[in-house]
Amino acid sequence: MKIQGKMFIWLSVFFLIMAGVYGVWSKEPVGTTALFLAFGLSIMIGFYLGFTARRVDVGAQDNKEADVADDAGEVGFFSPHSWQPLSLAVGGALAFMGVAIGWWLMYFSAPLLLIGIWGWVFEYYRGENRTQ
């Protein structure tokens, strides 16, 4: 994780330099703002990865003499199936269409979004996945 943190910090330095150069040469506010926002995003990710790397054990990616097999093993728990992202996707699509078409469409998207979020949060507290 330490390597990824350093990569994002260097990327944020690049974005900051490019935002300054682009802003001076083009005098165009939208692209300059986008580059400054990219700088902010990459600096947040870099500091998070660097902060987390100090608190967790050293991974195989931080060891220069590690093999691929050193990083093998269980990565984590992933849901085998879930219908909740479908509800969130339809609700989100309707919400964004509501911005373009009309705000009345939010009345249909809000329940779908709430059902999707509620179902995703409590997915493993009821039904067939209760014991996982």
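In which helix of the protein chain is confidence lowest, and in which is confidence highest? The model is predicted. Confidence is lowest in α4, at a mean pLDDT of 93. Confidence is highest in helix α1, residues 2–26, at 95. For the protein chain, the mean pLDDT is 89. A value of 70 or more is reached by 98% of the residues.

Helix α2 spans residues 29–55. The axes of α1 and α2 come within 7 Å. They cross at roughly 160°. Angles over 145 degrees count as roughly antiparallel, so α1 and α2 are roughly antiparallel to each other. The crossing of α1 past α2 is left-handed. Nonpolar residues number 17 in the contact of α1 with α2. Another nine residues in this contact are polar, and one is charged.

The next pair is α3 and α4. Helix α3 covers residues 84–100, and helix α4 covers residues 106–121. Their axes come within 8 Å and cross at roughly 155°. The two helices, α3 and α4, are therefore roughly antiparallel to each other. Their crossing is left-handed. On the α3 side, the contact is made by Gln84, Pro85, Ser87, Leu88, Val90, Gly91, Gly92, Leu94, Ala95 and Val99. On the α4 side, the contributing residues include Met106, Phe108, Leu112, Ile115, Gly116 and Trp120. Also among them are Ser109, Leu113, Ile117 and Gly119. By class, 13 residues of the α3 contact with α4 are nonpolar and seven are polar. No charged residues take part in the contact of α3 with α4.

The record can be set beside the model. An unreviewed UniProt entry carries the annotation "transmembrane region" for residues 7–25, 31–51 and 88–121. Over residues 7–25, the chain is 100% helix and 0% strand. The end C-alpha atoms of residues 7–25 lie 27 Å apart. Over residues 88–121, the chain is 85% helix and 0% strand. The end C-alpha atoms of residues 88–121 are 12 Å apart. This annotated stretch runs from residue 88 to residue 121, and α3 and α4 are roughly antiparallel.

Terms used: Residues numbered from 1 in each chain as written. Predicted model: local features only at pLDDT ≥ 70, side-chain atom pairs only at ≥ 80, totals over all residues. Heavy atoms only, no water. Axes fitted to C-alpha atoms, helices over the stretch in contact; angles between N-to-C directions. Helix = DSSP H or I, 4+ residues; strand = E, 2+ residues; numbered from the N terminus. Parallel < 35°, antiparallel > 145°, perpendicular 65-115°, else oblique. Left-handed = near helix turned anticlockwise from the far one by under 90°. Contact = heavy atoms within 4.5 Å. Nonpolar A, V, L, I, M, F, W, Y, C, P; charged D, E, K, R; others polar. UniProt positions renumbered as here; feature names shortened; annotations may be inferred. pLDDT = per-residue confidence, 0-100.
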